[in-house]
Amino acid sequence: MKFKIGYRTIKTAIGTSASIILAQILGFDNFVSAGILTILCIQVTKKKSIKTSWNRFSACLLAMLFSIVFFEGMAYHPIIIGFLLLFFIPTAVMLKISDGIVTSSVIILHIYSAGEVTFDILMNELGIITIGIGVALLANLYMPSLDQKLLEYQIQIEENFKRIFDEIVIYLRTNESNWDGLEITETAQLIEEAQVLAYRDVENRLLRNENVYYHYFKMREKQFEIIERVLPIVISISYTIEQGEMVADFMEELAANIHPGNTANRFLDKLYEMKSSFKSMELPKTREEFEARAALFQFVREMEEYLWIKSSAKELKRGKKENHFTESGAN
């Protein structure tokens, strides 16, 4: 079994130790609780970390308020803890800070153990909260770049699109194929994984929500839905005709141009020319030819939609770092 330590694990280990050491040096009681807060606040993205930290901080302050009301107003008794939680948890859920219920419960138990609420005790708990959450936020300022992984997904998806188109070309020309269709299931999985990763990349960008990779994979997802629709249409064609050769030539050229270059509009023009030439050709003479031409026409309409998706997609802007992906457009 391969043993791997991720960057989040490393940050958690270092951050937890740092928060405990800092809280201990500053002389806070229950200083180990700062480490617990750090563990819980380190998340996979910057935005999630900030949201979680705020929720936990707010929940802890609310827990301190509830502790004053219930313990000082009633009694320091285990039954009172139950009553407190009975009201505290629904309140935290209502305020949408339920992420902090566990950590704030620790604060409640600290105050219960102290047997009184004083300014020093409240400042001690506030210090622990600040250190634990603060260290986690500092640790989460570093997030490794996902650009290389996203680029790898983009390249693999484009290669799979090309393989699928190549198989379509072979079938249109021969009406035979020994293709196992592996690229279909593989591409579906790649797109799903890439979108998850691209969304994480969006969540790591605090100053802007947009991400070229995210839009790119959404565009590829829509195009792939069309590819899945056209495959049964292609398979239904069991008769070789002239128009099939024309469509095969078109698809062959399209397959060779699945890259980040902006060629969608050029291929739309070619497709319109091909459709126009179909209209000027002789009418089908047999039922088989009619059915084949009808299927091809439906296939061409789907490919038109495939190209329109890219043509109308948001342009992919060139960033500071030049790479295979940052050209605008793709087929």
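Analyst: Happy to. Let's start with a term: a residue is buried under 20% relative accessible area, exposed over 50%, and partly exposed in between. Arg163 has 35% relative accessibility, so Arg163 counts as partly exposed. Keep in mind that this is a predicted model.

User: Okay, and what is the overall secondary structure of the chain?

Analyst: The chain has 12 helices and 0 strands.

User: How much of the chain counts as buried?

Analyst: Of its 331 residues, 45% count as buried. The accessible surface is about 17900 Å², and carbon and sulfur atoms make up 60% of that.

User: Where else in helix α7 can I look, and why are Asp166 and Lys162 separated by about one helical turn?

Analyst: Because they're 4 residues apart in that helix. Asp166 and Lys162 form a salt bridge, with their closest N and O atoms 3.1 Å apart. Asp166 counts as partly exposed because its relative accessibility is 28%, and Lys162 is partly exposed at 35%. Elsewhere, salt bridges with shared partners link Arg173, Glu245, Asp249 and Glu252 into one network.

User: How many salt bridges are there by this rule?

Analyst: The count comes to 12. One of them joins Arg220 to Glu158, with the closest N and O atoms at 3.7 Å. Arg220 is in helix α9 and Glu158 is in helix α7, so this pair ties together parts 62 residues apart in sequence. Are these two buried or exposed? Both are buried.

User: What about cysteines? How many disulfides does a search find?

Analyst: For a disulfide, you'd need two cysteine sulfur atoms within 2.5 Å. Searching the whole structure gives 0 disulfides. Cys41 is in none, and the nearest cysteine sulfur, from Cys60, is 8.3 Å away. Cys41 counts as buried because its relative accessibility is 0%. Cys60 is buried as well, at 0%.

User: Now a single residue, please. Which residues does Thr16 touch?

Analyst: Setting aside residues up to four places away in sequence, Thr16 touches Gly35, Thr38 and Ile39. Thr16 belongs to helix α1, and its relative accessible area is 13%, so Thr16 is buried. Its side chain also reaches the backbone oxygen of Thr12, at 2.6 Å. The C-alpha atoms of Thr16 and Leu37 are 8.3 Å apart, although 21 residues separate the two along the chain.

User: And which residues form a nonpolar patch on the surface?

Analyst: That patch is made of Ile21, Leu22, Ile25 and Leu26, with about 400 Å² of accessible area together. Leu26 is placed in the loop between α1 and α2. At 53% relative accessibility, Leu26 is over the cut-off, so Leu26 counts as exposed.

Terms used
Residues numbered from 1 in each chain as written. Predicted model: local features only at pLDDT ≥ 70, side-chain atom pairs only at ≥ 80, totals over all residues. Heavy atoms only, no water. Patch = residues over 30% accessible without salt bridge, like charges linked within 9 Å, V, L, I, M, F, W, Y side chains within 5 Å. Areas by Shrake-Rupley, 256 points an atom, 1.4 Å probe, with all protein chains shown as cover. Salt bridge = Lys/Arg side-chain N within 4 Å of Asp/Glu carboxyl O. Helix = DSSP H or I, 4+ residues; strand = E, 2+ residues; numbered from the N terminus. Buried < 20%, exposed > 50% of the residue type's maximum accessible area, 1.4 Å probe, protein only. Contact = heavy atoms within 4.5 Å. Polar contact = N/O pair within 3.5 Å; in protein donor to acceptor, adjacent residues only side chain to side chain.
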